[in-house]
Amino acid sequence: MNLKRFLERYFEDPDLQKKFKRIFYAVLALLVVVDFFVHREHVTFLWDTIPGFMSLYGFVATVLMIVVSKAIGHAWLMKSEDYYD
Amino acid sequence: MIEWIHPAFFFFVGAAILPFVKGRGRSALLLSIPVLSFLSLLFASQGIHGAIPFIGQKLIFGRVDKLSMVFGYAFTIIAFIGMVYALHVQESGEHIVALLYAGSALGVIFAGDLFSLFLFWEIMAFSSVFLIWFKGGESSNAAGMRYLLVHIFGGLCLLGGIVIHASSGGTAFSSLPHTGLGPTLILIGFLLNAAVPPLHAWLADAYPEATVTGIVFLSVFTTKTAVYVLVRGFPGMEILIIMGAIMAVYGIVYAMLENDTRRLLAYHIISQVGYMVVGVGIGTDLALNGAVAFAFTNILYKALLLMGMSSVLFMTGKRKATELGGLYRTMPWTFLLFMIGGFSISGVPLFSGFISKSMVVSAAVETHQSWAFLLLTLASAGTLLSTTLKLPYAVFLGEDKKIPATDPPDNMLYGMGLAAFICILLGLWPDLLYRLLPYPVEYHPYTGEHLVGSLQILGFTALGFVLFLNKMRPENTISLDIDWFYRKATAGFLWLANRLLGVS
């Protein structure tokens, strides 16, 4: 099997890329819908009762991490590469 | 019939005879050492072996129980994989220090008393530093020296703690008190090797300066022996929950900023060990099993990820994400195997991270640790974001920088392939690992609740990545960390001392 050609077919074809994106969004929507019907064995935290909470938390956490990390980095932590020289 | 052979024995003897063996014989020797050691574990009976009286105390070299055995298996398996990956290395010295390092890590795992533990703890520090120094060059030499000094400090804390503790509590190594000067110093020594902030900077400073193959060994033994001694010595110490949760997020923040491919992964080691420290802090049977299972799976996928980025470094000579791109065309197998490591570390179902990470998280839920749960879940999202999406996107996909390269030599691919195989195997067959865990616990990772919850986190993190792709681009910078204090402050101290002494 030529792995390179196989990968190229999937990464370079714009039509396939569009198709993948559509499937990806559909799966995300489906996950939230399914969450309404999944049986909870134990309800420990308040948010365990909210369907789709994990989706929201995952997304908000991601955005926060990107924004906050980069903000701290640019304001303070990130230095040019010859900083210690 | 010999009752028990210490699994480290093969590593130390192998290191001693390696200089006299050449060619194919050398490869055969390097591969047979971890195999023999693994076999000796299979035939070891539980109990205390190798007890030697020593100045009024007892040195115990072989405590064999489920906890030491599971780490023994993990260490011998990864030593084999690391040796396969390093077979092409001509420098015998590098193999010898790797063998000493792996052997002394096994020595720590099976040590039943604090003095023999300390002995192997120090051999680990002094052998591992050569895996950094063998890279050569000014930055590796300096980073190795900083690494060594930090570990000497940690070792001294440990020794001081052991001596103080021994006068009242004896030298047996089992669960230690949570208060008192002696145990506190011992704990500091352990936490330093586990890279718990603020005692963590040595790891991200030194590991990326190690040799292409040395970093594989480094990523395993120091932090995971530290997890082992924490599980053994300080289970249920609550402050570790807070420290571990902060640690998990701390590593993520720095990984977001990092441009050096292997340093980014090194910050993820810190984040990952955070989960294990949380597990130790919670201290229930499920949590401790989770910490051990997490260590086991982490050893394999973390080594796999570092082997991937080391292969990129080896074939292209480049270590910065900003200088790499489009490599999937020239290094397709490296890309594929790296992604298996990426799926494993992010806890994608059917890969090994899913079956271990969920244990620690479930233990946090069971004990109502809402903050630990939220921080660990955030760290999960961050792991997917930078290890599995940002890094491979920048290195293998993204803009094609037309870097001439090929997949690395076969032995390196086989090393990665073996690690990838076990990552998938454990994901599909978690019971294989669960039956090795120290406590009897019934745990099922593949419930509808876990699956849908994890997939939501992963899916919506990926959505965030897709939407903010521009913000995720690596930048050509380095990041200040705690090592600033000893890198800048010592320079300042020298400047001041020179001024006071009148030396210009």
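Which residue of chain B forms a salt bridge with A:Glu81? The legends below start with that pair and then move on through this predicted model.

**View 1. A:Glu81 reaches across to B:Lys320.** The partner is B:Lys320, and the closest N and O atoms of the two are 3.0 Å apart. This pair crosses between chains: A:Glu81 sits in the segment after strand E1 (78-79) of chain A, while B:Lys320 belongs to the loop between helix H12 (285-316) and helix H13 (332-345) of chain B. Neither end is buried: A:Glu81 is partly exposed at 32% relative accessibility, and B:Lys320 is partly exposed at 21%.

**View 2. The side of chain A that touches chain B.** Here 47 residues of chain A are in contact with 58 residues of chain B. Between them the two chains bury about 4,900 Å², with 73% of that on carbon and sulfur atoms. Charged pairing is there too, with three salt bridges counted between chain A and chain B. For polar contacts, the count between the chains is 13 residue pairs, taking pairs with both residues at pLDDT 80 or more. On the chain A side, the elements that give two or more residues are helix H1 (3-12), helix H2 (14-35), helix H3 (53-77) and E1. Which of these gives the most? That would be H3(A), with 17 residues. Sorted by residue class, the chain A side divides into 26 nonpolar, 11 polar and 10 charged.

View 3. E1(A) pairs with strand E3 (residues 478-479) of chain B. The pairing is antiparallel and runs over two bridges. Zoom in on A:Lys79 and you find its bridge partner in E3(B), namely B:Ile478.

View 4. B:Arg487 and B:Asp483 form a salt bridge, with their closest N and O atoms 3.2 Å apart. Both residues lie in helix H19 (residues 483-501) of chain B, four residues apart, or about one turn of the helix. Elsewhere, salt bridges that share partners join A:Glu12, B:Arg329, B:Asp400 and B:Lys402 into one network.

View 5. A:Asp35 forms a salt bridge with A:Arg40, the closest N and O atoms being 3.2 Å apart. As a bit of background, side chains of opposite charge can pair when their charged atoms come close. Over all chains, a search of the whole structure turns up 15 salt bridges.

**View 6. The surroundings of B:Arg263.** B:Arg263 is found in helix H11 (residues 261-282) of chain B. With a relative accessible area of 14%, this arginine is buried. What lies 2.6 Å from a polar atom of the B:Arg263 side chain? The backbone oxygen of B:Ala204 does. The side chain of B:Arg263 also has a polar contact of 3.3 Å with the side chain of B:Glu209. Leaving aside neighbours within four places in sequence, B:Arg263 is in contact with B:Ala204, B:Asp205, B:Pro208, B:Glu209, B:Glu258 and B:Arg319.

Note on methods: Residues numbered from 1 in each chain as written. Chains lettered and ligands numbered in written order. Predicted model: local features only at pLDDT ≥ 70, side-chain atom pairs only at ≥ 80, totals over all residues. Heavy atoms only, no water. Salt bridge = Lys/Arg side-chain N within 4 Å of Asp/Glu carboxyl O. Buried < 20%, exposed > 50% of the residue type's maximum accessible area, 1.4 Å probe, protein only. Contact = heavy atoms within 4.5 Å. Buried area = accessible area lost by both parts, 1.4 Å probe. Polar contact = N/O pair within 3.5 Å; in protein donor to acceptor, adjacent residues only side chain to side chain. Nonpolar A, V, L, I, M, F, W, Y, C, P; charged D, E, K, R; others polar. Pairing = 2+ DSSP bridges.
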